[in-house]
Amino acid sequence: MPTYSKPISLILIGGFSDSENQTLRETLKAEEYVFATSTDLYNCLDIAECHHPKAAIIDFAAIEHNYLAIIQFLQLLQIPTIILSDELAKNMIQYLSMAGIFATLKKTNNQLELQRALAISAYPNSGNTIDCHSQFLDFNLGSSQTGKHNKLQDVVNKAIGTAVSQMSETIACEVEYEMPSVRAMSPLFLQKNLIEILGKNLVSVAQLDFSGNLSGSAQMLFSCEAADAIVLAINGGGDVASEEFKQDKADIMGEIGNLAISGIVGTFSNTLKYNLDYVVPNYIEGYVDEIFSAMNFTMRSTILLFMSHFKIIDIGVEGDLILFFQARLLLDLLFRA
(Lines give C-alpha, C1' and ligand atoms only; values in the text may rest on other atoms or scores of the structure.)
Protein backbone atom coordinates (compact mmCIF):
# COMPACT_ATOMS: atom_id res chain seq x y z
CA MET A 1 0.00 0.00 0.00
CA PRO A 2 1.48 3.40 -0.96
CA THR A 3 2.20 5.98 1.72
CA TYR A 4 1.69 9.71 1.24
CA SER A 5 3.56 12.64 2.72
CA LYS A 6 0.31 14.64 3.04
CA PRO A 7 -3.39 13.79 3.38
CA ILE A 8 -5.19 13.36 0.07
CA SER A 9 -7.08 16.53 -0.92
CA LEU A 10 -9.91 16.99 -3.38
CA ILE A 11 -9.28 19.97 -5.67
CA LEU A 12 -12.11 21.50 -7.71
CA ILE A 13 -11.19 22.90 -11.14
CA GLY A 14 -13.71 25.02 -13.01
CA GLY A 15 -12.15 25.92 -16.32
CA PHE A 16 -13.71 27.58 -19.33
CA SER A 17 -13.11 24.49 -21.50
CA ASP A 18 -12.28 20.80 -21.20
CA SER A 19 -8.82 21.42 -22.64
CA GLU A 20 -8.13 24.09 -20.01
CA ASN A 21 -9.22 21.73 -17.25
CA GLN A 22 -6.95 18.99 -18.60
CA THR A 23 -3.99 21.38 -18.78
CA LEU A 24 -4.55 22.45 -15.18
CA ARG A 25 -4.76 18.83 -14.05
CA GLU A 26 -1.43 18.08 -15.70
CA THR A 27 0.15 21.23 -14.29
CA LEU A 28 -0.97 20.50 -10.74
CA LYS A 29 -0.60 16.73 -10.76
CA ALA A 30 0.78 15.52 -7.42
CA GLU A 31 0.39 12.46 -5.24
CA GLU A 32 -1.62 14.37 -2.62
CA TYR A 33 -4.30 15.70 -5.02
CA VAL A 34 -7.36 14.23 -6.64
CA PHE A 35 -9.32 16.45 -9.01
CA ALA A 36 -12.95 17.13 -9.84
CA THR A 37 -13.38 19.18 -13.01
CA SER A 38 -16.27 20.75 -14.85
CA THR A 39 -16.97 23.49 -17.36
CA ASP A 40 -20.55 23.84 -16.11
CA LEU A 41 -20.79 26.46 -13.36
CA TYR A 42 -23.79 24.96 -11.58
CA ASN A 43 -22.08 21.57 -11.54
CA CYS A 44 -18.93 23.16 -10.08
CA LEU A 45 -20.87 24.73 -7.23
CA ASP A 46 -22.82 21.52 -6.71
CA ILE A 47 -19.52 19.66 -6.27
CA ALA A 48 -18.35 22.34 -3.85
CA GLU A 49 -21.52 22.08 -1.74
CA CYS A 50 -21.66 18.29 -1.67
CA HIS A 51 -17.99 17.28 -1.49
CA HIS A 52 -16.19 20.15 0.25
CA PRO A 53 -12.97 20.30 -1.80
CA LYS A 54 -9.90 21.60 -0.01
CA ALA A 55 -9.49 24.30 -2.65
CA ALA A 56 -11.07 25.54 -5.87
CA ILE A 57 -9.44 26.90 -9.01
CA ILE A 58 -11.86 28.88 -11.16
CA ASP A 59 -11.43 30.63 -14.51
CA PHE A 60 -12.87 34.12 -14.04
CA ALA A 61 -14.44 33.93 -17.51
CA ALA A 62 -16.71 31.17 -16.21
CA ILE A 63 -18.15 33.31 -13.38
CA GLU A 64 -17.80 36.93 -14.56
CA HIS A 65 -21.54 37.46 -15.07
CA ASN A 66 -22.33 36.69 -11.42
CA TYR A 67 -18.96 36.57 -9.73
CA LEU A 68 -19.87 38.31 -6.45
CA ALA A 69 -22.64 35.88 -5.57
CA ILE A 70 -20.47 32.91 -6.55
CA ILE A 71 -17.59 34.19 -4.44
CA GLN A 72 -19.99 34.60 -1.52
CA PHE A 73 -21.16 31.01 -1.95
CA LEU A 74 -17.63 29.59 -2.01
CA GLN A 75 -16.58 31.79 0.89
CA LEU A 76 -19.59 30.66 2.89
CA LEU A 77 -18.52 27.06 2.31
CA GLN A 78 -15.05 28.08 3.53
CA ILE A 79 -13.36 26.84 0.36
CA PRO A 80 -10.21 28.83 -0.51
CA THR A 81 -10.58 29.89 -4.14
CA ILE A 82 -7.91 30.75 -6.70
CA ILE A 83 -9.10 32.85 -9.65
CA LEU A 84 -7.34 32.60 -13.01
CA SER A 85 -7.40 35.40 -15.58
CA ASP A 86 -5.04 37.24 -17.92
CA GLU A 87 -7.32 40.24 -18.36
CA LEU A 88 -8.11 41.60 -14.88
CA ALA A 89 -7.05 45.13 -13.98
CA LYS A 90 -5.07 45.74 -10.79
CA ASN A 91 -8.01 47.39 -9.03
CA MET A 92 -10.22 44.41 -9.90
CA ILE A 93 -7.66 42.02 -8.44
CA GLN A 94 -7.64 44.10 -5.23
CA TYR A 95 -11.44 44.06 -5.20
CA LEU A 96 -11.53 40.25 -5.52
CA SER A 97 -9.04 40.03 -2.66
CA MET A 98 -11.33 42.15 -0.48
CA ALA A 99 -14.26 39.93 -1.47
CA GLY A 100 -12.48 36.89 -0.02
CA ILE A 101 -10.60 35.32 -2.95
CA PHE A 102 -7.50 33.44 -1.77
CA ALA A 103 -5.39 34.42 -4.79
CA THR A 104 -5.80 35.86 -8.29
CA LEU A 105 -3.23 34.56 -10.78
CA LYS A 106 -2.56 34.83 -14.50
CA LYS A 107 -3.54 31.85 -16.63
CA THR A 108 -0.31 31.83 -18.61
CA ASN A 109 3.29 31.37 -17.50
CA ASN A 110 2.39 30.85 -13.87
CA GLN A 111 2.97 27.13 -13.31
CA LEU A 112 5.18 27.44 -10.23
CA GLU A 113 3.08 30.25 -8.73
CA LEU A 114 -0.13 28.27 -9.18
CA GLN A 115 1.40 25.13 -7.68
CA ARG A 116 2.59 27.12 -4.68
CA ALA A 117 -0.75 28.90 -4.17
CA LEU A 118 -2.65 25.62 -4.35
CA ALA A 119 -0.31 23.92 -1.88
CA ILE A 120 -0.77 26.72 0.66
CA SER A 121 -4.55 26.94 0.21
CA ALA A 122 -5.03 23.18 0.52
CA TYR A 123 -2.52 22.78 3.39
CA PRO A 124 -2.64 26.08 5.32
CA ASN A 125 -0.76 24.69 8.33
CA SER A 126 2.33 23.70 6.37
CA GLY A 127 4.21 26.79 7.58
CA ASN A 128 4.48 28.53 4.22
CA THR A 129 3.39 32.09 3.61
CA ILE A 130 2.03 33.79 0.52
CA ASP A 131 0.63 37.21 -0.34
CA CYS A 132 -2.95 35.98 -0.61
CA HIS A 133 -6.05 36.99 1.26
CA SER A 134 -8.55 34.64 2.80
CA GLN A 135 -11.50 34.99 5.16
CA PHE A 136 -12.62 31.88 7.00
CA LEU A 137 -14.55 33.48 9.84
CA ASP A 138 -18.34 33.61 10.19
CA PHE A 139 -19.62 35.22 7.03
CA ASN A 140 -22.45 37.74 7.21
CA LEU A 141 -24.40 37.50 3.98
CA GLY A 142 -25.87 40.92 4.52
CA SER A 143 -22.72 42.93 5.15
CA SER A 144 -19.93 41.39 3.10
CA GLN A 145 -17.03 43.55 2.00
CA THR A 146 -18.41 43.47 -1.53
CA GLY A 147 -21.18 45.84 -0.37
CA LYS A 148 -23.82 43.65 -2.03
CA HIS A 149 -26.85 42.59 -0.05
CA ASN A 150 -27.67 38.93 -0.41
CA LYS A 151 -31.28 38.02 -1.07
CA LEU A 152 -31.24 35.16 1.42
CA GLN A 153 -30.14 37.42 4.28
CA ASP A 154 -32.95 39.82 3.36
CA VAL A 155 -35.54 37.06 3.53
CA VAL A 156 -34.16 35.68 6.81
CA ASN A 157 -34.18 39.14 8.40
CA LYS A 158 -37.78 39.64 7.29
CA ALA A 159 -38.78 36.19 8.56
CA ILE A 160 -37.20 36.73 11.98
CA GLY A 161 -38.87 40.14 12.25
CA THR A 162 -42.23 38.53 11.45
CA ALA A 163 -41.68 35.83 14.06
CA VAL A 164 -40.77 38.35 16.77
CA SER A 165 -43.78 40.49 15.90
CA GLN A 166 -46.08 37.46 16.14
CA MET A 167 -44.54 36.46 19.47
CA SER A 168 -44.83 39.97 20.89
CA GLU A 169 -48.47 40.20 19.87
CA THR A 170 -49.34 36.75 21.24
CA ILE A 171 -47.93 37.34 24.72
CA ALA A 172 -48.65 41.11 24.76
CA CYS A 173 -45.02 41.91 25.67
CA GLU A 174 -42.25 43.94 24.11
CA VAL A 175 -39.62 41.76 22.45
CA GLU A 176 -36.17 42.94 21.35
CA TYR A 177 -34.04 40.85 19.02
CA GLU A 178 -30.65 40.76 17.35
CA MET A 179 -30.19 40.56 13.61
CA PRO A 180 -29.48 36.93 12.75
CA SER A 181 -25.92 35.71 12.36
CA VAL A 182 -25.09 32.94 9.91
CA ARG A 183 -22.63 30.08 9.83
CA ALA A 184 -22.05 27.32 7.32
CA MET A 185 -20.89 23.88 8.42
CA SER A 186 -21.21 20.19 7.77
CA PRO A 187 -23.71 18.14 9.81
CA LEU A 188 -20.76 16.51 11.57
CA PHE A 189 -19.92 19.82 13.23
CA LEU A 190 -23.46 21.16 13.60
CA GLN A 191 -24.37 19.43 16.85
CA LYS A 192 -20.99 20.12 18.44
CA ASN A 193 -21.24 23.78 17.49
CA LEU A 194 -24.72 24.18 18.93
CA ILE A 195 -23.75 22.49 22.20
CA GLU A 196 -20.85 24.95 22.49
CA ILE A 197 -23.23 27.87 21.90
CA LEU A 198 -26.22 26.71 23.94
CA GLY A 199 -24.67 24.38 26.51
CA LYS A 200 -25.93 20.94 27.47
CA ASN A 201 -28.78 22.12 29.65
CA LEU A 202 -32.40 21.05 29.39
CA VAL A 203 -34.16 23.31 26.92
CA SER A 204 -37.70 24.02 25.82
CA VAL A 205 -38.16 23.88 22.06
CA ALA A 206 -40.91 24.60 19.56
CA GLN A 207 -39.75 23.00 16.32
CA LEU A 208 -41.11 22.95 12.79
CA ASP A 209 -39.57 20.91 9.98
CA PHE A 210 -40.52 21.82 6.42
CA SER A 211 -39.93 20.40 2.96
CA GLY A 212 -40.89 20.97 -0.66
CA ASN A 213 -38.99 23.47 -2.82
CA LEU A 214 -37.07 24.28 0.36
CA SER A 215 -36.16 21.91 3.17
CA GLY A 216 -35.02 22.81 6.65
CA SER A 217 -36.05 23.37 10.22
CA ALA A 218 -37.11 26.37 12.30
CA GLN A 219 -36.89 26.34 16.08
CA MET A 220 -37.61 28.60 19.03
CA LEU A 221 -35.53 27.76 22.09
CA PHE A 222 -35.83 28.76 25.73
CA SER A 223 -34.34 27.40 28.89
CA CYS A 224 -36.98 25.47 30.81
CA GLU A 225 -36.85 28.17 33.51
CA ALA A 226 -37.59 30.84 30.90
CA ALA A 227 -40.54 28.82 29.55
CA ASP A 228 -41.87 28.49 33.11
CA ALA A 229 -41.57 32.27 33.60
CA ILE A 230 -43.55 32.95 30.43
CA VAL A 231 -46.35 30.61 31.43
CA LEU A 232 -46.42 31.99 34.99
CA ALA A 233 -46.71 35.53 33.61
CA ILE A 234 -49.52 34.60 31.24
CA ASN A 235 -51.44 32.48 33.77
CA GLY A 236 -50.85 34.86 36.67
CA GLY A 237 -49.15 32.18 38.76
CA GLY A 238 -49.25 28.44 39.33
CA ASP A 239 -47.33 25.45 40.66
CA VAL A 240 -44.61 24.61 38.14
CA ALA A 241 -44.38 21.06 39.48
CA SER A 242 -48.07 20.26 38.92
CA GLU A 243 -49.34 18.24 35.98
CA GLU A 244 -51.84 20.99 35.21
CA PHE A 245 -49.04 23.54 34.86
CA LYS A 246 -47.02 21.20 32.65
CA GLN A 247 -49.99 20.79 30.35
CA ASP A 248 -50.57 24.54 30.29
CA LYS A 249 -46.92 25.06 29.44
CA ALA A 250 -47.08 22.62 26.55
CA ASP A 251 -50.23 24.33 25.21
CA ILE A 252 -49.02 27.92 25.66
CA MET A 253 -45.47 27.40 24.40
CA GLY A 254 -46.81 25.31 21.54
CA GLU A 255 -49.14 28.14 20.52
CA ILE A 256 -46.42 30.79 20.79
CA GLY A 257 -44.10 28.60 18.73
CA ASN A 258 -46.83 27.86 16.22
CA LEU A 259 -47.49 31.53 15.47
CA ALA A 260 -43.83 32.62 15.53
CA ILE A 261 -42.34 29.78 13.51
CA SER A 262 -45.23 29.55 11.07
CA GLY A 263 -44.57 33.24 10.42
CA ILE A 264 -41.00 32.38 9.47
CA VAL A 265 -41.98 29.61 7.08
CA GLY A 266 -44.80 31.70 5.65
CA THR A 267 -42.37 34.52 4.91
CA PHE A 268 -40.12 32.18 2.95
CA SER A 269 -43.04 30.67 1.10
CA ASN A 270 -44.54 34.03 0.12
CA THR A 271 -41.32 35.88 -0.65
CA LEU A 272 -39.60 33.16 -2.66
CA LYS A 273 -42.83 31.73 -4.14
CA TYR A 274 -42.05 28.28 -2.76
CA ASN A 275 -44.53 25.51 -2.04
CA LEU A 276 -43.66 24.24 1.43
CA ASP A 277 -45.08 21.29 3.32
CA TYR A 278 -45.15 21.35 7.10
CA VAL A 279 -47.29 20.50 10.09
CA VAL A 280 -48.05 22.46 13.27
CA PRO A 281 -44.82 22.89 15.31
CA ASN A 282 -44.34 20.38 18.09
CA TYR A 283 -43.30 21.43 21.60
CA ILE A 284 -40.67 19.31 23.32
CA GLU A 285 -38.25 19.50 26.22
CA GLY A 286 -34.90 17.79 26.19
CA TYR A 287 -31.15 18.19 26.21
CA VAL A 288 -29.51 20.03 23.34
CA ASP A 289 -27.58 17.02 22.04
CA GLU A 290 -30.71 14.85 22.06
CA ILE A 291 -32.83 17.43 20.21
CA PHE A 292 -30.36 18.20 17.45
CA SER A 293 -29.14 14.65 16.90
CA ALA A 294 -32.70 13.82 15.81
CA MET A 295 -32.61 16.33 12.95
CA ASN A 296 -32.52 14.74 9.51
CA PHE A 297 -29.80 16.20 7.32
CA THR A 298 -27.93 14.27 4.68
CA MET A 299 -24.29 13.92 5.65
CA ARG A 300 -23.21 15.27 2.25
CA SER A 301 -24.93 18.58 2.74
CA THR A 302 -23.64 21.89 4.03
CA ILE A 303 -25.92 23.44 6.63
CA LEU A 304 -26.65 27.15 6.90
CA LEU A 305 -27.31 28.01 10.54
CA PHE A 306 -29.06 31.31 11.24
CA MET A 307 -29.40 32.40 14.89
CA SER A 308 -31.18 35.39 16.40
CA HIS A 309 -31.13 36.03 20.13
CA PHE A 310 -34.15 37.81 21.62
CA LYS A 311 -35.30 39.22 24.95
CA ILE A 312 -38.86 39.46 26.25
CA ILE A 313 -38.50 42.73 28.10
CA ASP A 314 -41.62 42.65 30.30
CA ILE A 315 -40.92 39.17 31.67
CA GLY A 316 -37.13 39.37 31.70
CA VAL A 317 -36.45 36.14 29.82
CA GLU A 318 -34.31 35.38 26.77
CA GLY A 319 -34.37 32.85 23.97
CA ASP A 320 -33.16 32.07 20.47
CA LEU A 321 -34.73 31.67 17.07
CA ILE A 322 -32.75 29.24 14.93
CA LEU A 323 -33.12 28.40 11.24
CA PHE A 324 -31.40 25.53 9.47
CA PHE A 325 -31.19 25.24 5.70
CA GLN A 326 -29.16 23.19 3.32
CA ALA A 327 -26.75 25.43 1.42
CA ARG A 328 -28.37 24.12 -1.75
CA LEU A 329 -30.85 26.95 -1.19
CA LEU A 330 -28.13 29.43 -2.14
CA LEU A 331 -27.54 27.60 -5.39
CA ASP A 332 -31.25 27.73 -6.11
CA LEU A 333 -31.42 31.48 -5.47
CA LEU A 334 -28.27 32.04 -7.51
CA PHE A 335 -29.46 30.25 -10.62
CA ARG A 336 -33.19 31.01 -10.55
CA ALA A 337 -34.35 33.44 -13.20
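Tutor: Axes here are lines fitted to C-alpha atoms, for helices over the stretch in contact, and angles run from 0 to 180 degrees between N-to-C directions. Helices (H or I, at least four residues) and strands (E, at least two) are DSSP runs, numbered from the N terminus. The model is predicted: local features need pLDDT of at least 70, side-chain atom pairs count only at pLDDT 80 or more, and totals for chains, interfaces and linings use all residues. Residues are numbered from 1 along each chain as its sequence is written, and side-chain values use heavy atoms, with hydrogens and water left out.

Student: Why are H9 and H10 called roughly perpendicular to each other?

Tutor: Helix H9 (residues 224-235) packs against helix H10 (residues 243-272) at about 95°, and their axes are 10 Å apart. Angles under 35 degrees count as roughly parallel, over 145 as roughly antiparallel, 65 to 115 as roughly perpendicular and the rest as oblique. H9 and H10 are therefore roughly perpendicular.

Student: Which residues in H9 and H10 meet?

Tutor: Contact means heavy atoms within 4.5 Å. From H9, the residues are Cys 224, Ala 227, Asp 228, Ile 230, Val 231, Leu 232, Ile 234 and Asn 235; from H10, they are Phe 245, Asp 248, Lys 249, Ile 252, Met 253 and Ile 256. By class, this contact has 10 nonpolar, one polar and three charged residues. Ala, Val, Leu, Ile, Met, Phe, Trp, Tyr, Cys and Pro count as nonpolar, Asp, Glu, Lys and Arg as charged, and the others, Gly among them, as polar.

Student: Is Ser 204 buried or exposed?

Tutor: Buried means under 20% relative accessible area, exposed over 50%, and partly exposed in between (1.4 Å probe, protein chains only). Ser 204 has a relative accessible area of 1%, so Ser 204 is buried. Ser 204 is in strand S8 (residues 202-212). Leaving aside neighbours within four places in sequence, its contacts include Cys 224, Ala 227 and Met 253.

Student: What makes a polar contact with the side chain of Ser 204?

Tutor: The side chain of Tyr 283 does, at 2.8 Å. A polar contact is a pair of N or O atoms within 3.5 Å; within protein, one must be able to donate a hydrogen and the other to accept it, and residues adjacent in sequence count only if both atoms are side-chain atoms.

Student: Why does Asp 59 count as buried?

Tutor: Asp 59 has 3% relative accessibility and therefore counts as buried. Asp 59 is in strand S3 (residues 55-59), and its side chain reaches the backbone nitrogen of Ala 61 at 2.9 Å.
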